[in-house]
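Subject: Structure for your files

Dear colleague,

Here is the structure I said I would pass on. My notes on the sheets and the helix packing follow below.

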Amino acid sequence: MTSTIEETPAEAALRAARIGDEHGVLPTEQVTNFIAEQLAATDLDGRSVCIVVPDGTRTCPLPMLLGAVHAALHGRVTRMTTLIALGTHQPMSEEALAAHLGYEVGALEQSYPGMTVVNHEWWDPSTFADLGTIPASRLAELSEGRLTMDVPVLLNRAVVEHDVALVVGPVLPHEVVGISGGNKYFFPGVAGQDIIDVSHWIGALITSAEIIGTTAITPVRALINEGASLVPAEKLAFCVVGEAGSLDLHSISFGDTISSWASAAEVCAATHVHHLDEPVSRVISVVPEMYEDIWTGAKGFYKLEPVVADGGEVILYAPHITDISTSHPEILEIGYHCRDYFVKQWDRFKHVHWGTLAHSTHLRGAGTYDAETGEERLRVKVTLATRIPEEECRRANLGYLDPDSVDLAAAEADGETFVVPNAGEVLFRLR
């Protein structure tokens, strides 16, 4: 499942600067001093910088990190733009941005003088720059033969029109790429639809359960790095690993986007992958409010699927969620199905955005499909305990449970249910 490259992640990690590890957390002052020191030693005077940061679906102390970056760059750089890497998530409002980045609504200039903040407008073709094409033969090599087609590489103009692209954000186990962060903030973070679709579908063909938490260069990571090699800006990154359930940091790494990611991924694999001795038959995955719909809240399933027994059930408990997807209504037209359901009926589904198909397979998990009988057999049950109406859940091929009937305390005490608070960022695997 790994692609051949000249440099291993372990070798790349040695090129990055890092403080912290999986043991303990870092004082805020040590983190801010590290940021100041690293940027002071980097040639940035008289250059323009695009700071690429996550949206609200990732946990990290972003106001502290961005504040330290801004303090180190203000007065040195000619222009500073913070770009929100939405992927294809819902855009953030001014109120949400202010809370996310740490400034008063309408008072960005007071907290971050000279800095502009913009959402990645993935729906607007005019916001993209064309970086060229990854040819079919190269994609076949990167994907280990899974796909053969030309891939146009479009990227948000803000990245291309600055001298330096500086990624600032967390590294976490991820269902598409293995371990998130680094160049993933460009692709799919601020990329065009084609490379998003192709990268996600490659991940779906491998399957989430197999790829998630992998620290090696997966085929998806290889494709992302290939796309990033076409970016004309100098690419740097502060990759952080946070303590699960808090805003404290285990570590922060700095370097180019490959070395800093590799350094942080080592820590992430130690802090964000928890092991169980035996499979569990029933999980209640408590989805935090930072996930506003099932499209993002499905991470509560991805991170638990590997430990669920055959025939078991994952309940996504999220009373705050009212929609399956705020940005991708097409998911309701196809519903949630296993990979083979689409692969064996490709002519029927190939016109749907492959990123949507991938999301469908990720939430439905492993299964089989018999094209002759039309029978789909799924390994585990997926049940929504949300404010989404029962008929909509059934239509999407998901189970329904009234969230008001869920007693978390009783479930934790019954000895049969594995209750996971703040689900979505920590991966669970069998030992």
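For the helix pairs below, an axis is a line fitted to the C-alpha atoms over the stretch in contact, and angles run from 0 to 180 degrees between N-to-C directions. On that basis, helix α2 (residues 28-40) and helix α3 (residues 62-73) pack at an angle of about 35°, with 9 Å between their axes. Please keep in mind that this is a predicted model.

The α2/α3 pair

The crossing of these two helices, α2 and α3, is right-handed. On the α2 side the contact is made by Thr28, Val31, Thr32, Ile35, Ala36 and Leu39, which meet Met64, Leu65, Ala68, Val69, Ala72 and Leu73 of α3. Sorted by class, the residues in this contact of α2 with α3 are ten nonpolar and two polar, with no charged ones.

The seven-stranded sheet

What is the strand order in the open sheet of seven strands? It reads β1-β11-β10-β7-β2-β3-β4, and the pairing is mixed. The edges are taken by β1 (17-20) and β4 (115-119), each of which pairs on one side only. From one strand to the next the twist averages 15°.

Within this sheet, seven bridges link strand β7 (residues 164-170) to strand β10 (residues 234-242), and the two pair in the parallel sense. Ala165 is found opposite Lys235 in β10. Helix α2 lies across β1, β7, β10 and β11 (249-256), and runs at about 5° to β11. Helix α3 packs on the sheet as well, where it touches β2 (48-54), β3 (79-85), β4, β7, β10 and β11; the direction of α3 makes about 175° with that of β2.

The annotated region

The unreviewed UniProt entry carries the annotation "domain: LarA-like N-terminal" for residues 39-202.

The α8/α10 pair

Helix α8 (residues 193-206) and helix α10 (residues 219-228) have axes that come within 9 Å and cross at roughly 165°. Angles over 145 degrees count as roughly antiparallel, and α8 and α10 are therefore roughly antiparallel to each other. Their crossing, that of α8 and α10, is right-handed. Val198, Ser199, Ile202, Gly203 and Ile206 of α8 meet Pro219, Val220 and Leu223 of α10. The class count for the contact of α8 with α10 is six nonpolar, two polar and no charged residues.

The five-stranded sheet

A further open sheet has five strands in the order β18-β17-β14-β13-β19, with parallel pairing. Its edge strands are β18 (399-400) and β19 (417-420); each has a single partner strand, so one side of each is left without a neighbour in the sheet. Strands β13 (residues 280-286) and β14 (residues 308-318) run parallel and are joined by six bridges. Val280 stands opposite Val308 in β14.

The hairpin

Strands β15 (residues 367-370) and β16 (residues 375-378) run antiparallel, joined by four bridges. Thr368 has Arg377 of β16 opposite. The two strands, β15 and β16, form a hairpin with four residues between them, and Gly374 in the turn has a positive phi of about 75°.

Regards

Definitions and conventions:
Residues numbered from 1 in each chain as written. Predicted model: local features only at pLDDT ≥ 70, side-chain atom pairs only at ≥ 80, totals over all residues. Heavy atoms only, no water. Parallel < 35°, antiparallel > 145°, perpendicular 65-115°, else oblique. Left-handed = near helix turned anticlockwise from the far one by under 90°. Contact = heavy atoms within 4.5 Å. Nonpolar A, V, L, I, M, F, W, Y, C, P; charged D, E, K, R; others polar. Pairing = 2+ DSSP bridges. UniProt positions renumbered as here; feature names shortened; annotations may be inferred.
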